[in-house]
Amino acid sequence: MFNASGRAYPDVAALSSGFLVVSNLVPMPGVAGTSCAAPTFSGIVSLLNDIRLQQGKAPLGFLNPLLYGELAGHLNDVTNGCNPNCNSDGFCAQSGWDASTGLGTPNYGSMADFVASLP
């Protein structure tokens, strides 16, 4: 269960399977999950901030107002699939925000155009 009347998580998702992670100089192929999705989305936000900085604009700052506002339309809404765990179906994706994928996955091109157009 999740608190439908309060702040929800996740806010966003990212494709996160088949990553190569190196730990203590040891390559570990096939890593997946939140440990890959979070830095992937963070990297995209860094690229978006770089676009703004190159235009002489301020970085995006606290993202939630944008994510749950105008930026939500620049994410790919995930509408099918579930995240099974602990002998359950977990949460299943649905149209709009859901407890499995949040608002969706980044559409970098659309996001880049949008943040470049902001003052």
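Author: Let us begin at the surface, with Leu25, which counts as exposed because its relative accessibility is 80%, and exposed means over 50%. This is a predicted model, and everything that follows should be read with that in mind. Leu25 is found in the loop between S1 and S2, and its phi is near 65 degrees, a positive value in a residue other than glycine. Asn24 lies in the loop between S1 and S2 as well, and here too phi is positive, at about 55 degrees, although Asn24 is not a glycine. With a relative accessible area of 71%, Asn24 is exposed.

The C-alpha atoms fill a box of roughly 50 × 45 × 20 Å along the principal axes. Of the 119 residues, 31% count as buried, while the accessible surface comes to about 7400 Å², with 58% of this belonging to carbon and sulfur atoms. If we take the contacts between residues at least 6 apart in sequence, 59% of them join residues at least 24 apart.

The part to examine is helix H1, which covers residues 34–54. This helix has 21 residues and reaches 30 Å from its first C-alpha to its last, close to the 30 Å expected at 1.5 Å a residue. After H1 comes Gly56, a residue with a positive phi near 75 degrees.

Which residues of H1 are buried? They are Cys36, Ala37, Phe41, Ile44, Val45, Leu48, Asn49 and Arg52. These buried residues pack against strand S1 (19–23), strand S2 (26–31), helix H2 (64–67), S3, S4 and helix H3 (108–117).

Not counting residues up to four places away in sequence, Asn49 touches Pro59 and Leu60.

Two packed helices are described by the angle between their axes and the distance between the axes. The axes of H1 and H3 come within 9 Å and cross at roughly 35 degrees, and the crossing is right-handed. From H1, the contact is made by Phe41, Ile44, Leu47, Leu48, Ile51 and Arg52, and from H3 by Tyr108, Met111, Ala112, Val115 and Ala116. Sorted by kind, the residues of this contact divide into 10 nonpolar, no polar and one charged.

H3 also holds Ser117, which counts as exposed, since its relative accessibility is 55%. Ser117 and Leu71 are 46 residues apart in sequence, and their C-alpha atoms are 12 Å apart in space.

Strand S4 is another of the elements against which the buried residues of H1 pack, and Thr105 is found in this strand. With a relative accessible area of 13%, Thr105 is buried. Leaving out residues up to four places away in sequence, Thr105 touches Ala13, Ala14, Leu15, Leu75, Asn76 and Val78.

Val78 is also a contact of Ala93, a residue that touches Thr79, Asn80, Gly81, Asp98 and Ser100 as well, when neighbours within four places in sequence are left aside. Ala93 is found in the loop between strand S3 (75–76) and strand S4 (105–106). The C-alpha atoms of Ala93 and Cys82 are separated by 6.0 Å, although the two residues are 11 residues apart along the chain.

To return to the helix with which the close look began, H1 has buried residues that pack against strands S1, S2, S3 and S4 and helices H2 and H3, and its crossing with H3 is right-handed.

Methods
Residues numbered from 1 in each chain as written. Predicted model: local features only at pLDDT ≥ 70, side-chain atom pairs only at ≥ 80, totals over all residues. Heavy atoms only, no water. Helix = DSSP H or I, 4+ residues; strand = E, 2+ residues; numbered from the N terminus. Contact = heavy atoms within 4.5 Å. Buried < 20%, exposed > 50% of the residue type's maximum accessible area, 1.4 Å probe, protein only. Areas by Shrake-Rupley, 256 points an atom, 1.4 Å probe, with all protein chains shown as cover. Expected span 1.5 Å × (residues − 1). Axes fitted to C-alpha atoms, helices over the stretch in contact; angles between N-to-C directions. Left-handed = near helix turned anticlockwise from the far one by under 90°. Nonpolar A, V, L, I, M, F, W, Y, C, P; charged D, E, K, R; others polar.
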